[in-house]
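Subject: Handing over a structure

Dear colleague,

I am passing on the structure below, together with notes on what was found in it. Please have it open beside this message as you read.

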Amino acid sequence: MVNLPGNRGSCWVATADRTGYPQLESSIHAETVVVGGGIVGLTTALRLLEAGRSVILVEALEIGQQVTGRSTAKITTQHALIYRHLVDTCGVPTARNYAAANSAGAELIKDWIREYGIACDLERKDAYTYATSSNGRGEIEAEAEAARQVGLQAEVFDRAPLPFETVGALCFAEQAQFNPSKYLGGLAHTVANRGGRIFEHSRAILIGEASRWRVVTAHGTVHAGNVVVATNMTVKSPVGMANRTQPRCHTAMAFRVDDPLVVDGMFIGIDDPTHSLRTGLDDRGPLLVVLGPKFNTGQDGNVAARFVDLEEWARKNLPVGDVAWRWCNEDYDTADRVPYVGEPDPQKAPGFHVATGFNAWGISNGTAAGAVIADTIQRRFNPWQGLYNPIRSYPKDFHKNGDSQSIVQSTNDIRIGEGGVIQRGDEKIAVCRAADGSLHGVSATCTHKGCTVTWNNADRTWDCPCHGSIFASGGSVIHGPARKPLVPVKL
Ligand SMILES: Cc1cc2nc3c(=O)[nH]c(=O)nc-3n(C[C@H](O)[C@H](O)[C@H](O)COP(=O)(O)OP(=O)(O)OC[C@H]3O[C@@H](n4cnc5c(N)ncnc54)[C@H](O)[C@@H]3O)c2cc1C
Ligand code: FES
């Protein structure tokens, strides 16, 4: 077993209050049912309630603990090198629309925090994309030019205000950062205060059509005219989303630091291996949060090694103390780097809405997505409906399934705290060995579309190398398109 330092889990989730909404236990009706209580689902719900509509939200686990609550939570229109790419591949109007949608998303977050008094450690910060190579410096300058072309303020500096060598930085001033888990807790509270009904521990196991839409959980059903699948990766959609996207993971570590301004700003590097930095806070004091480069979910057999590399890089380059927290987080990339949001098939599936593919920039994009969906439900024009069109064409070779990285010959190859996949007849079994040496088996066949899972030796989860479903070591669903757990297997 690899012993990594720090507590397993996100520092944001650890410092946010638990929510405690009830489980759905009856059959109820609303105008709209939102599936998923992340930033997209709660934003959609609140926008609809502000317009006087009725909403029910069902959350599989607890509010604020999934992708949003495990993100870096930079509230910014600076998405590394995005505007040059969009201008060159989609044209200036699309790039301008992307900038406008994200500016509006970022502003809405700040407005709501003020208006609804949400305590979530919001801080104004400048955002920097930095380069450490001469090629990178050129890219920074090209990005600055594209950003200005689409109406954003961008400044280039010879170096980033960081304690290690850089050769250029693009600065977007006056952006912001916050604790995303506290923000979602505050949004949920506001939703409930405005008459929205929230149910936790209520996973949608079936979404189907009756006379209206029907969302079925283990103990109840919601009937509604509109359904919003805001589950990060859709768990159901009239137009498949999993093959239009690629699930990507990052490793994150929060280090104790003496100086709360150890770095002043939010930073993202563009040269390999990329790193992302921001400050934060937990109950014991200031933190520096450091992220490593992305990798395809379930396609790396040694995620723990990535944490070892990340810690080594941080200690070499930054004045950090002990590791306080560490976690993995996953989001879905799209080929053109624009999310898919909207009503994919208004003719055959009217009232069915999806939002996915946030390319690890879903705080502002996800907020804009909520506004788009709420407007679409009210049959109102929204200027970003076209930008996020969920059925636009995509390159068929973008999505790449992978194989399990955890195949072993026998359970003898599985050490304490580790997991491996064994074959028994036709059956593949995902086995992990507990601290007392006992073995625990679940089916290794992902309940989404049948790929074989990989052991994540850092988070101790079973991760699917195809569409990014993540299961706890005991088989329950944590994240991704799967709705059913991995079935327990007797060894
Ligand atoms: C490492 C990393 C860092 C990031 N940093 C940033 C950043 O700095 N700035 C930025 O803009 N973006 C960032 N992002 C991206 C951003 O965090 C995400 O795009 C965004 O939070 C996604 O929100 P969501 O609502 O789609 O997902 P989630 O927050 O995951 O919400 C979805 C919810 O749906 C629930 N759910 C799932 N299945 C079901 C079901 N069957 N029934 C009911 N509920 C269900 C889940 O439990 C979850 O609570 C980052 C992403 C990563 C991976
Ligand atoms: S997530 Fe699709 S097969 Fe596992």
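To begin with the ligand, the residues of the shell around ligand 1 divide into 17 nonpolar, 15 polar and six charged, where Ala, Val, Leu, Ile, Met, Phe, Trp, Tyr, Cys and Pro count as nonpolar, Asp, Glu, Lys and Arg as charged, and the others, Gly among them, as polar. This is a predicted model, in which local features need pLDDT of at least 70 and side-chain atom pairs count only at pLDDT 80 or more, while totals for chains, interfaces and linings use all residues. Residues are numbered from 1 along each chain as its sequence is written, and chains are lettered from A and ligands numbered from 1 in the order in which they are written.

Of the 38 residues around ligand 1, those that come nearest are Gly 36, Gly 38, Ser 71, Gly 362 and Ile 363 (a residue is near a molecule or strand if its C-beta atom, placed from the backbone, lies within 6 Å of it). Two or more residues of this shell are given by each of α2 (39-50), β12 (245-256), β17 (323-334) and α8 (364-377); helices (H or I, at least four residues) and strands (E, at least two) are DSSP runs, numbered from the N terminus.

Helices α2 and α8 also pack against each other, at an angle of about 40° and with their axes 8 Å apart, the axes being lines fitted to C-alpha atoms, for helices over the stretch in contact, and the angles running from 0 to 180 degrees between N-to-C directions. The two are therefore oblique to each other, given that angles under 35 degrees count as roughly parallel, over 145 as roughly antiparallel, 65 to 115 as roughly perpendicular and the rest as oblique. By class, the contact of α2 with α8 has eight nonpolar, five polar and one charged residues.

Helix α8 has a further partner in helix α4 (residues 92-115), for the axes of these two come within 7 Å and cross at roughly 90°. Helices α4 and α8 are therefore roughly perpendicular to each other. On the α4 side the contact is made by Ala 101, Asn 102, Ala 104, Gly 105, Ala 106, Leu 108 and Ile 109, and on the α8 side by Ser 364, Asn 365, Thr 367, Ala 368 and Ala 371 (two residues are in contact if their C-beta atoms, placed from the backbone, lie within 7 Å). These residues divide into seven nonpolar, five polar and no charged.

Another pair is helix α3 (residues 83-90) with helix α5 (residues 134-149), which pack at an angle of about 70° with axes 7 Å apart. That makes α3 roughly perpendicular to α5. Here Tyr 83, Arg 84 and Val 87 in α3 meet Ala 142, Glu 143, Ala 146, Ala 147 and Gln 149 in α5.

Two backbone details deserve a look. The peptide bond from Asp 272 to Pro 273 is cis, with omega near -15°, and Pro 273 is found in the loop between β13 (266-269) and β14 (276-282). His 201, in the loop between β8 (197-199) and β9 (206-209), has phi near 50°, a positive value in a residue other than glycine.

Best wishes
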